[in-house]
Amino acid sequence: SMLKFGTTLTEAVNSLQGGVELKKPDRKYVDTIELKPAAFNKAAADSEVADHFEQVLHHWCSQVEKLLDEGESNRKQADDVGPDTELEFWRNRMAKFISIT
């Protein structure tokens, strides 16, 4: 059906526009660490660098958990749960994950 296809496209566009943007680590840490195992080990041993990346990762986890919780609350509110509803739920969840940048 064309209406369902149009709705799916509209939802996809909305998910791309309203995506979640994860905070990037500070440049002063990213630019100074070479992409080599020894450099990673050295950075991990530096408490300032490790603390910074831990805070960034914690923020990412919070944002993703919030995104997941939004989908779950909508799922629990639906009374007409069936195969189509379940497929729609997972389609929307996939669109949200794809929108993370």
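## Helices and the overall chain

Helices are runs of at least four residues assigned by DSSP, and they are numbered from the N terminus. In this predicted model, helix α1 covers residues 2–17, and Met2 lies in it. The chain holds five helices and zero strands. Read along the sequence, its pattern is α-α-α-α-α.

The chain has 101 residues, of which 16% are buried. Its accessible surface comes to about 8,000 Å², and carbon and sulfur atoms account for 60% of that area. Contacts across the sequence may also be considered. Among contacts between residues at least 6 apart in sequence, 62% join residues that are at least 24 apart.

## A nonpolar patch on the surface

Met2 belongs to a nonpolar patch on the surface, together with Phe5 and Leu9. The accessible area of Met2, Phe5 and Leu9 together is about 360 Å².

Is Met2 buried or exposed? A residue counts as exposed when its relative accessible area is over 50%. Met2 has a relative accessibility of 70%, and therefore it counts as exposed.

## The nonpolar core

The largest nonpolar core is made of five residues, namely Tyr29, Ile33, Ala39, Ala43 and Val49. One of these, Tyr29, has a relative accessibility of 10% and so counts as buried, since the cut-off for a buried residue is under 20%.

Which residues does Ile33 contact, once its neighbours within four places in sequence are left aside? They are Ala39, Phe40, Ala43, Val49 and Phe53.

## The surroundings of His52

His52 is found in helix α4, which spans residues 47–77. Because its relative accessibility is 8%, His52 counts as buried. When residues up to four places away in sequence are not counted, His52 touches Pro25, Asp26 and Tyr29.

## Aromatic pairs

A pair of aromatic rings is described by the distance of the centres and the angle of the planes. How many aromatic pairs does the structure have? The count comes to two. Tyr29 and Phe53 form an edge-to-face pair, with 6.4 Å from centre to centre and 65 degrees between the planes. This pair links distant parts of the chain: Tyr29 is in helix α2 (residues 27–30) and Phe53 is in helix α4, 24 residues apart. Tyr29 counts as buried at 10% relative accessibility, whereas Phe53 is partly exposed, with a relative accessible area of 29%.

Phe89 and Trp90 also form an edge-to-face pair, with centres 5.0 Å apart and 80 degrees between the planes. The relative accessible area of Phe89 is 10%, so Phe89 is buried. The value for Trp90 is 43%, and this residue is therefore partly exposed.

## Salt bridges

Side chains of opposite charge can pair when their charged atoms come close. The structure holds five salt bridges. Among them is the bridge between Glu21 and Lys24, whose closest N and O atoms are 3.8 Å apart. Glu21 counts as exposed because its relative accessibility is 54%, and Lys24 counts as exposed at 57%. Another bridge joins the side chains of Asp31 and Arg27, at 3.3 Å from N to O. Here too the residues are exposed: Asp31 has a relative accessibility of 55%, and Arg27 has one of 58%.

Arg91 forms a salt bridge with Glu88, the closest N and O atoms being 2.6 Å apart. Where in the chain do Arg91 and Glu88 lie? Both are in helix α5 (residues 83–98), three residues apart, which is about one turn of the helix. Arg91 counts as partly exposed at 30% relative accessibility, and Glu88 counts as partly exposed at 22%.

Key: Residues are numbered from 1 along each chain as its sequence is written. Side-chain values use heavy atoms; hydrogens and water are left out. Patches are made of residues with over 30% relative accessible area and no salt bridge: like charges are joined within 9 Å, nonpolar side chains (Val, Leu, Ile, Met, Phe, Trp, Tyr) within 5 Å. Accessible areas come from the Shrake-Rupley method with a 1.4 Å probe; for residues, only the protein chains shown count as cover. A salt bridge is a side-chain nitrogen of Lys or Arg within 4 Å of a carboxyl oxygen of Asp or Glu. Helices (H or I, at least four residues) and strands (E, at least two) are DSSP runs, numbered from the N terminus. Buried means under 20% relative accessible area, exposed over 50%, partly exposed in between (1.4 Å probe, protein chains only). Contact means heavy atoms within 4.5 Å. A nonpolar core is a set of buried Ala, Val, Leu, Ile, Met, Phe, Trp, Tyr and Cys residues joined through side-chain atoms within 4.5 Å. Rings of Phe, Tyr and Trp (its six-membered ring) pair if their centres lie within 6.5 Å; planes under 30 degrees apart count as stacked, over 60 as edge-to-face and the rest as tilted.
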